[in-house]
Structures are given as C-alpha cells and as structure tokens.
Amino acid sequence: MKLPALFPQKQLTRILGHGQGAFATYAGLPRLPKRSATSPVLEDAFDAAMMERCIRLSEEAVRQGEYPFAAIICRDGEVLVEATNRVRRDQDVSRHAEIVALSEAQRLLGSSNFDGCMLYSNVEPCPMCAFMVRETRIRRVVFSLKSPIMGGLSRWDILSDRGLSSRMPELFGASPEVAAGVLAQDAAKVWRRWNPIAWAVIRLRGIFSPF
C-alpha cells in the first residue's frame, strides 16, 4: 500500500517500522491538532499510517496463536498503547484487542476519560468494546472491516447512539466521529492468509465485510 506523498519516504519508513511500546511517538508525523484545525489530507495520511500499523499488529496476533484482531489508541500524534487479542492466551473471552488497549490506556493515564484520543481497529468494534469506547469518551474511532452481524455501529448502533450520552451524560461520552473502511482490503488479506476457508465462510455469512 502506497501512502499519500505527504511526508518524505525516510520519515514514513521510520513511522511504519516503529516497534511496540507505550507512548511510542511517530516522529515523522506532525502532532494532530483538534479536529477543527486538522487538514483532511493530514488526517487521512495519519489514519493510513496508524491503520497500516494496526494491520501489522493483527498479523502478529496470528503468530501469537490469536485471531487477527488488533487495536491502537493515539492522542496528539502519539501512540499511547497498542494491543492484540488475548482471548486464547488468557483463556478469557473478554480480552478483545480494543478492551486490552483501553484497559492499558487507563492504567497509563490514570484516568478513564480519553477525551481527545483516537481508537484504531482492523475490525469494527463489537458491542462490548463499543460500550467501553462510549464510557471512556474516545473522540474518534477508525476501523477497516465492517461487521454487519456483530458490529457496535453497523449492527447495534452503540457508537452513534446519542441517547446514551443525552440520558446518561455522567457515564457516557458523546458519539465519537467514525471513519470506516480505512485500508479494508489490506485488513481482509490478513484474514484470508490466516485461514482461507474460514475467511470464505466469514464472507459468505456476511460476518465481516471489506465494504
């Protein structure tokens, strides 16, 4: 995948080749200001860089014996945490990549208020993860593959449900901005390589969709 020619190739190489670690700064990318002051081109380039990293993490999840799920939480151009599924390793069905990332971010920040943060996931967050996104007040959610059967937006409409924050503002934040389908074909390739037969069944049943 070729990223927009917004940054020198040397910077992009450093960005996309960055290793794991909390507060890993993607030095080649300028820090993103608030949405109102952010160039759409800059935001699209940042989304592409973060999603490519997220897709690479989903490949790492497969090598760790997990399903290919991954998530990254960013703030002001910095990666706060990145995580893969830990369902099989921890023998805990609640250890989805998004929940692992949100839990680690809470410990890191000492707060459950993630106002100004962005969540990147290679698959649309499920309802369980979507409720945590609303409770932690994530500002923006970016994902690749749509999940028409299990998605917390396309199926259950939790991410965009304004009633949660209007009726329970003490508990739920406003609906986050959502960008869907970012590098969807690249994300789908990881699932197909992981298990071609399983991916064919997933597509046939409409569980995940690359838009």
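1. C54 is buried, and its relative accessible area is 0%. The structure is a predicted model, and the points below should be read with that in mind.

2. How far is the sulfur of C54 from the closest cysteine sulfur? The closest one belongs to C74 and lies 9.3 Å away, which is too far for a bond. A disulfide would need the two sulfur atoms within 2.5 Å.

3. C129 is also a buried residue, with a relative accessibility of 0%. Its sulfur has the sulfur of C126 as closest cysteine partner, at 3.7 Å, and this too is too far for a bond. The cut-off of 2.5 Å applies here as well.

4. Over the whole structure, the search for disulfides returns zero.

5. Helix 7 covers residues 184-194, and its buried residues are A184, A187, A188, V190 and W191. Viewed down the axis of helix 7, these buried residues fall within an arc of 150°, so they line one face of the helix.

6. On confidence, the chain has a mean pLDDT of 85, with 82% of its residues at 70 or more. Residues 1-36 have a pLDDT below 50, although in the model this stretch makes 75 contacts beyond near neighbours in sequence.

Technical notes
Residues are numbered from 1 along each chain as its sequence is written. This is a predicted model: local features need pLDDT of at least 70, side-chain atom pairs count only at pLDDT 80 or more; totals for chains, interfaces and linings use all residues. Side-chain values use heavy atoms; hydrogens and water are left out. Buried means under 20% relative accessible area, exposed over 50%, partly exposed in between (1.4 Å probe, protein chains only). Helices (H or I, at least four residues) and strands (E, at least two) are DSSP runs, numbered from the N terminus. The arc is that of the directions from the helix axis to the C-beta atoms. pLDDT is the predictor's confidence in each residue, from 0 to 100. Contact means heavy atoms within 4.5 Å.
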